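Here are my notes on this two-chain entry, point by point. Please read them with the structure open.

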Amino acid sequence: MNERRNGLKEKITNNQIWQSMFRHGYEKTGRRYTLQVLQNVWLHLHPPRVTRHAINFRFTWCMGGITFLMFLVTAVTGVLLMFYYRPTAEYAFRDIQYLEFDIPFGMLLRNMHRWAAHGMVIAVMLHMFRVFLTGSYKKPREFNWGVGVILLLVTFFLSFTGYLLPWDQLAFWAVTVGTNMARATPVLGHEGPFAPQDIVTQANDVRFALLGGTIVGPSTLLRFYILHCVAVPLLASVLMALHFWRVRKDGGISGPL
Amino acid sequence: MLSRRSFFKFLGWGNFLAAAGLAFGPGLIRFLYPRVLFEPSSVFKAGFPGEYPPGTVSEKFKKNPYGVWIVRKEDGEFYALVAICTHLGCTPRWFASENKFKCPCHGSGFDREGMHFEGPAPRPLERVQITLAEDGQLLIDKSVKFLEERGDWGKPGSTLRI
């Protein structure tokens with residue numbers, strides 16, 4: 001039996017196709033474990049050596065990892081929802097109802113997307129709280145704390161732009177009220193401090209760039225859709241890559257106090 | 001001294017960065033501000049003055065896309081109030097029996113003049129320009145605003161006396 005299995009393994013792995021994809025062998029040695037982590041694009045995300053405290057749940061709460069998991073869930077379910085959702089004033093709300101009541105597993109997918117988004121906001125805040133409590137923002141990790149703060153804002157902005165997409169009364173008024181804050185932007189908002197009157201108006205201030213108009217309308221729906229599905233996730237991905245890379249380069253997960 | 005090589009390096013990179021900077025800076029920002037908007041006009045006619053009895057608040061033009069109350073005082077003077085709560089932008093309602101505008105979101109109250117007197121609203125309702133059109137109808141221009149806190153109420157155009 002064992003011989004047969006070894007023969008099969010030999011057949012699968014001992015050829016040019018397999019070895020062109022997987023450069024490392026399978027002997028049970030420390031060198032192989034390290035090689036495998038270094039040479040596999042998926043496994044290299046995890047460091048070859050991990051300190052004992054880094055896998056201690058009570059020290060890390062695993063919140064950074066959970067945030068990333070939530071991001072992946074929203075990305076996958078979000079791509080699936082995009083198959084049915086059209087970001088125009090005529091169709092947006094109808095497509096949401098279609099997804100909710102007719103599409104097989106549509107309700108499940110939409111709720112997964114929603115709850116994962118909520119979970120990501122909660123987890124990212126708890127992650128920040130943990131990093132603060134363990135003093136992990138201190139030298140040499142100051143830069144990564146800064147990147148993390150931007151990622152927190154990016155997470156909020158992802159939630160906010162997604163809020164408009166159902167295009168119902170809740171979405172419309174929540175975004176109307178939310179974007180009214182942009183009127184009060186210093187200098188760049190038409191009701192903000194230091195904004196020159198009659199030069200900065202409703203039609204050329206920073207809120208206009210966000211809404212694509214002076215009121216929340218179809219162009220706002222399209223703008224928020226592009227931001228929610230393409231621009232902000234791309235930005236978040238780049239920043240997350242930087243964030244994770246810096247965790248490794250700054251000496252891995254910080255030690256206990 | 002600046003060498004020939006570093007001079008051309010500076011020139012080349014400078015050109016490249018200036019072009020890229022213009023395209024992705026001012027160009028991208030300008031791209032976000034379209035020339036034509038498909039929004040309702042800020043100017044509209046609101047019928048003849050005779051349609052509004054003195055001492056009433058008309059909700060006829062409160063609906064989309066107008067969003068203003070046309071108020072006529074007992075002495076016949078007109079003014080137009082924007083139907084947007086100055087707290088967070090919800091749409092208040094007019095209660096004739098209580099003689100006040102009341103916002104359903106957080107309970108801000110405004111009197112008939114538009115002055116805030118209860119709830120979280122930080123300033124009075126906004127007034128917009130009201131004049132007579134050539135055909136004798138009321139002409140409202142929502143792009144011209146009169147704010148009480150700037151001392152605009154009473155300026156020409158903020159009220160209309162017939």
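1. Domain bounds here come from an automatic or database domain assignment. For chain A that assignment gives domain 1 (1-49) and domain 2 (57-249). The C-alpha centres of domain 1 of chain A and domain 2 of chain A are 40 Å apart.

2. Some housekeeping. This is a predicted model: local features need pLDDT of at least 70 and side-chain atom pairs count only at pLDDT 80 or more, while totals for chains, interfaces and linings use all residues. Residues are numbered from 1 along each chain as its sequence is written, and chains are lettered from A and ligands numbered from 1 in the order in which they are written.

3. Chain A has 11 helices and 0 strands. Helices (H or I, at least four residues) and strands (E, at least two) are DSSP runs, numbered from the N terminus.

4. The overall dimensions of chain A deserve a look. Its C-alpha trace spans about 80 × 50 × 35 Å along the principal axes. The radius of gyration of chain A is 24 Å, whereas a compact globule of 257 residues would have one near 18 Å. That radius is taken over C-alpha atoms, and the globule rule is 2.2 Å times the number of residues to the power 0.38.

5. Of the 257 residues of chain A, 22% count as buried. Buried means that 20 or more other C-beta atoms lie within 10 Å of the residue's own; 12 or fewer is exposed, in between is partly exposed, and C-beta atoms are placed from the backbone.

6. Contacts need C-beta atoms, placed from the backbone, within 7 Å. In chain A, 61% of the contacts with a separation of 6 or more join residues 24 or more positions apart.

7. At the interface, 11 residues of chain A are in contact with 7 residues of chain B. On the chain A side, α9 (169-180) and α10 (206-211) each supply at least two residues. The largest share, 4 residues, comes from α9(A).

8. Which residues have the most contacts inside the largest nonpolar core? They are B:Val68, B:Trp69, B:Ile70, B:Ala80, B:Leu81, B:Ile130 and B:Ile140, in a core of 20 residues. Such a core is a set of buried Ala, Val, Leu, Ile, Met, Phe, Trp, Tyr and Cys residues joined through C-beta atoms within 7 Å. Strands β3 (68-72), β4 (78-82), β9 (127-132) and β10 (138-146) of chain B each supply at least two of its residues. A second, separate core of 18 residues includes A:Ala92, A:Leu99, A:Ala171 and A:Phe208.

9. Take B:Ile70. Beyond its neighbours within four places in sequence, B:Ile70 contacts residues including B:Ala46, B:Tyr52, B:Phe61 and B:Leu138.

Key: Two residues are in contact if their C-beta atoms, placed from the backbone, lie within 7 Å.
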